[in-house]
Amino acid sequence: MGKTRKKGVSVMLLIVAAIIVLFAGIYVNHRICLGRESELLTPLGQMVEVDGHNMSVYVGGSGDKTLVFLSGGGTCSPILDFKSLYSLLSDKYRVVVVEKFGYGFSDVVDKERDIDSVLADTRAALKAVDVEGPYVLCPHSMSGIEALYWAQQYPEEVSAIVGLDMAVPQAYKDYKINMPVLKVTQFAAHVGITRLLPGVSESDAIKHGTLSDEEQAIYRAVFYKRTATKTMLNEVESIKANAKKVASGDKPSVPMLLFVSDGTGTGWDKESWRNYQKRYIENMDHASMIELNCPHYVHDYEYETISRKICEMLEF
């Protein structure tokens, strides 16, 4: 082997060693930070057993109607994400947030996320906390598919659907899932690289909602522990098949009120995103749509408007 080649190999080995040391340092720092943040991670809701694992469910407020909030894909802390909205509704209604497996304080599990399994888990969690229907389902984003399927399969359990910029089946027909990017995100979260990215933990709930300083700190702690979990990625891998299954069924006949964003943060442009919802509810009785000039997490921006419109709908 020539000197030049030997030198090149030595340089490569040094680079590899430096990268290993760098990642090791980042990972050790991440584990230390997780240990410090563990004191913030006292469950905000009730922990119940579902299919042999722990699931987190928040129940608050009181009233003769029950609103069940279902988070969008990848929302690490659903209980805190929806808080700005449900805190304005809890004086009139019972409000419930179900944190699916892989989210919030629920266990991360490597299990199938077909639509039947996801819905079975949600219904089992509600049963475990003695919350009976009928429910007003309030799904955000990807959970729109679950809410529509719920109304298809168990119409007696669903009295209405309030879409918080929820997805409809047609949106996923041509949706391209970039799993390699999601895997990289998962690796970055596991190692702790996300801690090096300025502002990455500052969710819309933190920046635009009404969370207290303590709740913001909890949200950040949950973010570093529950980002791109295995369960979340399994859910994404199943979403096209789930949407197709919902599309093959009849549209629900329950009242629907859809709050729709300007498309920012959805992956679609404003017109395309809004047209999905418009086309879905056209020719449907008791269905309407309200366009909002804000990004995808509408409940973290327009919580006052949304809460007022929900009350108008439910008290009519």
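In helix H5, the residues Ser143, Gly144, Ile145, Glu146, Ala147, Leu148, Tyr149, Trp150 and Ala151 are buried, where buried means under 20% relative accessible area, exposed over 50% and partly exposed in between (1.4 Å probe, protein chains only). H5 is thus described as mostly covered, with nine of its 11 residues buried. Helices here are DSSP runs (H or I, at least four residues), numbered from the N terminus. The model is a predicted one, in which local features need pLDDT of at least 70 and side-chain atom pairs count only at pLDDT 80 or more, while totals for chains, interfaces and linings use all residues. Residues are numbered from 1 along each chain as its sequence is written, and side-chain values use heavy atoms, with hydrogens and water left out.

Two packed helices are described by the angle between their axes and the distance between the axes. The axes of helix H4 (residues 115–128) and helix H5 (residues 143–153) come within 10 Å and cross at roughly 80 degrees. That makes H4 roughly perpendicular to H5; angles of 65 to 115 degrees count as roughly perpendicular, under 35 as roughly parallel, over 145 as roughly antiparallel and the rest as oblique. Axes are lines fitted to C-alpha atoms, for helices over the stretch in contact, and angles run from 0 to 180 degrees between N-to-C directions. On the H4 side, Ile115, Asp116, Val118, Leu119, Thr122, Arg123 and Leu126 meet Ile145, Glu146, Tyr149 and Trp150 of H5, contact being heavy atoms within 4.5 Å. The residues of this contact comprise seven nonpolar, one polar and three charged. Ala, Val, Leu, Ile, Met, Phe, Trp, Tyr, Cys and Pro count as nonpolar, Asp, Glu, Lys and Arg as charged, and the others, Gly among them, as polar.

The structure holds one cavity of 30 Å³ or more, and the volume of the largest cavity is about 90 Å³. On a 1 Å grid over the protein atoms alone, a cavity is a set of points where a 1.4 Å probe fits but cannot get out, and a pocket is an open set with protein on both sides within 12 Å along at least five of seven lines; lining residues have an atom within 4 Å of a point. Grid points are joined across faces, edges and corners, and a volume is the space filled by probe spheres set on the points. H4, H5 and H9 each supply at least two residues of the cavity lining; among the lining residues are Ile115, Val118, Ile145 and Glu146.

The largest pocket has a volume of about 1100 Å³. Its lining consists of 44 residues, with Gly73, Gly74, Thr75, Gly265 and Tyr297 nearest the centre. By class, 23 of the lining residues are nonpolar, 15 polar and six charged. The second largest pocket contains about 320 Å³ of space. Of the 18 residues lining the second largest pocket, Pro169, Gln170, Lys173, Ala243 and Ala247 are closest to its centre. H9 gives the largest share of that lining, five residues.

The loop between H6 and H7 includes serine 201 and leucine 196. Serine 201 is buried, with a relative accessible area of 6%, whereas leucine 196 is exposed at 52%. Leaving aside neighbours within four places in sequence, serine 201 is in contact with Ile206, Arg220, Phe223 and Tyr224.
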